Each structure stands twice: as structure tokens, then as C-alpha cells.
Amino acid sequence: STSIQREMGAADNEEVPVVSTELYHKDFDAFVKALGAAYEKYGFVILQNHGVSDDLISRALDGSKKFFALGEEEKKKYHLAGLGGARGYTGFGVETAKGSTKYDLKEFWHLGRDLPPGHRYEDKMPPNVDVEEGDFTAVTKEIFAALDALGGRVLEALAVHLGQPREYFGDKVNEGNSILRVIHYPPLARDGEDGAVALANAGHVRAAAHEDINLITLLLGADEGGLQILRRDGTWLDVNPPPGCVTCNIGDMLQRLSNRRLPSTTHRVVNPVADRAHLPRYSMPFFLHPNPDFLIETLATCVSDKYPNQFPTPITSDDYLQERLREIKLK
């Protein structure tokens with residue numbers, strides 16, 4: 001319904017801050033300050049001039065559209081049973097947000113890190129699935145590498161913001177169990193169907209309110225809008241990044257590591273307004289994870305008399321991930 005969509009007054013002009021990633025090279029201290037302030041307030045930031053080329057982004061979007069346009073039988077052959085959706089294709093109506101009973105209106109593809117044979121993490125990180133059709137595999141691997149590198153730059157700034165050496169995260173994410181998820185949210189209205197009627201009958205949202213599990217998430221291509229974040233006062237704020245920007249948010253692992261100094265913000269993807277209900281939505285979030293054996297232990301620089309340690313029991317990132325995957329019905 002539109003009531004869930006717009007719980008805010010028209011006078012609301014608050015926006016998630018936009019930060020130029022060029023500051024990383026030009027003025028690293030300013031980059032640290034801008035990201036730190038934005039994340040402490042919102043848990044989200046919009047990255048401009050991020051270095052992932054428009055050409056690569058449009059090729060990836062094009063490849064994604066072609067892949068999801070394949071027939072159900074073609075796509076199903078890329079579904080790996082028993083992996084909890086960790087690699088390859090996951091069809092509609094599987095994933096459910098934590099605490100929700102309704103599944104999300106989406107199908108998606110998961111690409112992970114390629115490991116050499118015999119690698120010590122291969123029991124935690126299954127091999128990727130290669131798609132025979134088109135250049136989908138090649139182009140998504142390029143996007144994975146580009147967002148992994150961009151995430152590394154953001155983490156350098158956040159390490160300094162949290163009182164750690166700039167290279168703190170370097171050897172903790174270099175073989176991280178990160179995932180590129182390519183999502184297709186199909187149109188909610190069929191051709192010729194009234195958008196308002198289709199929305200009234202939908203019964204589910206594109207992605208229910210949730211928090212991310214990982215360290216940080218970098219999101220590309222939310223071109224059809226719908227992303228909202230939950231403010232501290234309980235109202236929802238629309239996130240409408242300028243075209244070609246990357247939206248980057250804090251996940252639960254970094255919230256835990258930073259003793260909640262960096263908040264993992266609840267967010268959702270609401271259904272479109274009636275006159276956009278016939279359009280699909282494609283997006284590519286990159287979930288940046290630490291190496292599976294990284295111990296998430298609250299940073300001493302984030303603990304004080306004023307802010308006692310809220311997470312006194314450390315947990316490895318893989319144990320934490322498995323616990324959460326069971327909660328969202330992917331395990």
C-alpha cells in the first residue's frame with residue numbers, strides 16, 4: 001500500500017550524504033572525516049567518482065538482463081541444491097527477511113571469490129558456477145573485483161576513523177568470503193494490468209526490512225528506486241542516489257567490531273508507485289565479508305567507561321554468517 005511507502009511529510013528534505021571517492025587520493029583525512037560522520041549518523045553513504053567505469057556497469061546490467069530473461073529451465077540448471085544459495089541461481093520466493101514470514105519478490109545470482117585448488121578456505125567458499133550463455137560470468141567477475149577494491153578503500157578510511165592503523169583490514173579481508181549478488185525484481189504489474197490493482201494484490205514487498213550480515217555492502221544500479229533506510233525516530237528515509245553512484249552501508253559484523261559506533265541500519269526495498277509497477281528493477285549489491293576465520297572481537301579503541309563492550313564474546317565471521325543464514329532461511 002502507499003501508506004507504507006510514504007510515512008514522511010513532503011517537507012522532508014533530509015538526504016544520505018554523498019562523498020566523492022576522489023578524496024581517497026586527494027585528501028585522505030577529509031575522506032575519513034566525511035565517511036565517519038555520515039556512517040555514524042546514517043550507517044549509509046553514497047559514493048561518487050568511485051572509479052567503477054560506467055561502461056563496466058552498463059555491460060554488467062545488460063548481461064544481467066539477458067541472463068534473467070532466459071527460460072526457467074535454463075536458469076534452474078544453474079541452481080545448486082544444498083548450498084543455501086551461496087553460489088549460482090536462486091529462484092523466486094525463497095529468501096525471507098529475518099523475523100518475516102513473507103518471501104521477497106526477487107530472483108538472484110551469487111558470485112563469490114575464486115580460490116586456487118586446495119585452498120584452506122575451500123570448505124567454506126564453494127567454487128563459482130559459470131554461465132554458458134553470453135558474457136555474464138566474465139562481466140560479473142570484473143564487477144566483483146572492482147567493488148572489492150573500492151570496498152578496501154572505504155575500509156582503510158573506517159580503520160583510521162576507529163583508531164586503527166590504515167591497513168588494519170588489509171590482511172583480514174584479502175581472502176574474504178565476499179559475495180556479489182545480482183538481483184532481478186520483476187515488474188509487479190503484467191502488460192496492460194492496472195498498476196494500482198497489481199500493487200494492491202502483491203501482498204509481498206520487493207525486499208522486507210532487514211540489516212546486512214557482513215562488514216560493508218556496496219550497491220550498484222538501484223535505478224528504479226525503492227530503497228529506504230530506517231531513521232532513529234522510526235520513520236523511513238528514501239535513498240535516491242544520483243545515477244551511476246555506489247551506495248555503501250555498514251553491516252552487522254562491522255557494527256559488532258566497532259561496538260555499535262558504526263550502526264548497521266535497517267533498510268528495505270518498497271514496491272514501486274503505481275505508474276512504475278510495470279518496470280523491473282535490477283541491482284548488484286556486493287557483500288564484503290572478512291576472511292572466514294577472522295575473529296570478530298570488539299576493538300579496544302571503541303570501548304570505554306562511557307561505552308562498555310556490548311559484545312564481550314568474540315565469534316569467527318564464518319560462525320556468525322552460518323548463524324544468520326539459518327535465520328533468513330537460506331540454510
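Me: Is F287 buried or exposed in this structure?
Reply: In this predicted model, F287 has a relative accessible area of 15%. The cut-off for burial is under 20%. Because 15% falls within that limit, F287 is classed as buried.

Me: In which strand does F287 lie, and which residues does F287 touch beyond those up to four places away in sequence?
Reply: F287 belongs to strand 12. Setting aside residues up to four places away in sequence, its contacts are S178, I179, R181, D212, N214, I216 and T217. The answer is therefore strand 12 for the location, and for the contacts S178, I179, R181, D212, N214, I216 and T217.

Me: How many Å separate the C-alpha atoms of F287 and I216?
Reply: I216 is among the residues that F287 touches. The two residues are 71 positions apart in sequence.

Me: Which residues have the most contacts inside the largest nonpolar core?
Reply: Nonpolar side chains tend to be buried together in soluble globular proteins. In this structure the largest nonpolar core has 65 residues. Those with the most contacts inside this core are W109, L147, I216 and L254.

Me: Which helix gives the most to this core?
Reply: The contributor in question spans residues 136–161. It supplies eleven residues to the core. This element is helix 6.

Me: How many residues does the second, separate core have?
Reply: The second core includes Y42, F44, I46 and C245. One of these, C245, counts as buried, at 7% relative accessibility. The number of residues in this second core is ten.

Me: Which residues form one aromatic cluster with W109?
Reply: Leaving aside neighbours within four places in sequence, W109 is in contact with several residues, including F67, F68, Y78, Y89 and F136. These aromatic residues also belong with W109 to one cluster.

Me: What angle lies between the ring planes of F28 and F31?
Reply: F28 and F31 stand three residues apart in helix 3, so about one helical turn separates them. Both are buried, F28 with a relative accessible area of 12% and F31 at 0% relative accessibility. Their ring centres are 6.3 Å apart, and the pair is tilted, with an angle between the planes of 50°.

Me: Why is the pair of F144 and F286 described as edge-to-face?
Reply: A pair of aromatic rings is described by the distance of the centres and the angle of the planes. For F144 and F286 the centres are 5.0 Å apart. An angle over 60 degrees counts as edge-to-face. The pair is edge-to-face because its planes meet at 90°.

Me: How many residues apart in sequence are the parts that F144 and F286 tie together?
Reply: F144 is in helix 6, whereas F286 is in strand 12. Both residues count as buried, F144 at 7% relative accessibility and F286 at 0%. Their pairing therefore ties together parts whose separation in residues is 142.

Me: Over which ring does the charged end of R120 sit?
Reply: The charged end of R120 is 4.5 Å from the centre of the ring in question. A further case is R153, which lies over the face of Y24 at 5.9 Å from the ring centre. For R120, the ring belongs to Y121.

Me: Where does E133 lie, and with which residues is E133 in contact beyond its neighbours within four places in sequence?
Reply: E133 is partly exposed, with a relative accessible area of 26%. Its position is the loop between strand 4 and helix 6. Beyond neighbours within four places in sequence, its contacts are L70, E74, K77 and Y78.

Me: Is N259 buried or exposed?
Reply: N259 has a positive phi near 60°, although the residue is not a glycine. N259 is found in the loop between helix 9 and strand 11. Its relative accessible area is 5%, and N259 is therefore buried.

How values were computed: Residues numbered from 1 in each chain as written. Predicted model: local features only at pLDDT ≥ 70, side-chain atom pairs only at ≥ 80, totals over all residues. Heavy atoms only, no water. Core = buried A, V, L, I, M, F, W, Y, C linked by side-chain atoms within 4.5 Å. Buried < 20%, exposed > 50% of the residue type's maximum accessible area, 1.4 Å probe, protein only. Helix = DSSP H or I, 4+ residues; strand = E, 2+ residues; numbered from the N terminus. Contact = heavy atoms within 4.5 Å. Phe/Tyr/Trp six-rings, centres within 6.5 Å; stacked < 30°, edge-to-face > 60°. Lys NZ or Arg CZ within 6 Å of the ring centre and 35° of its normal.
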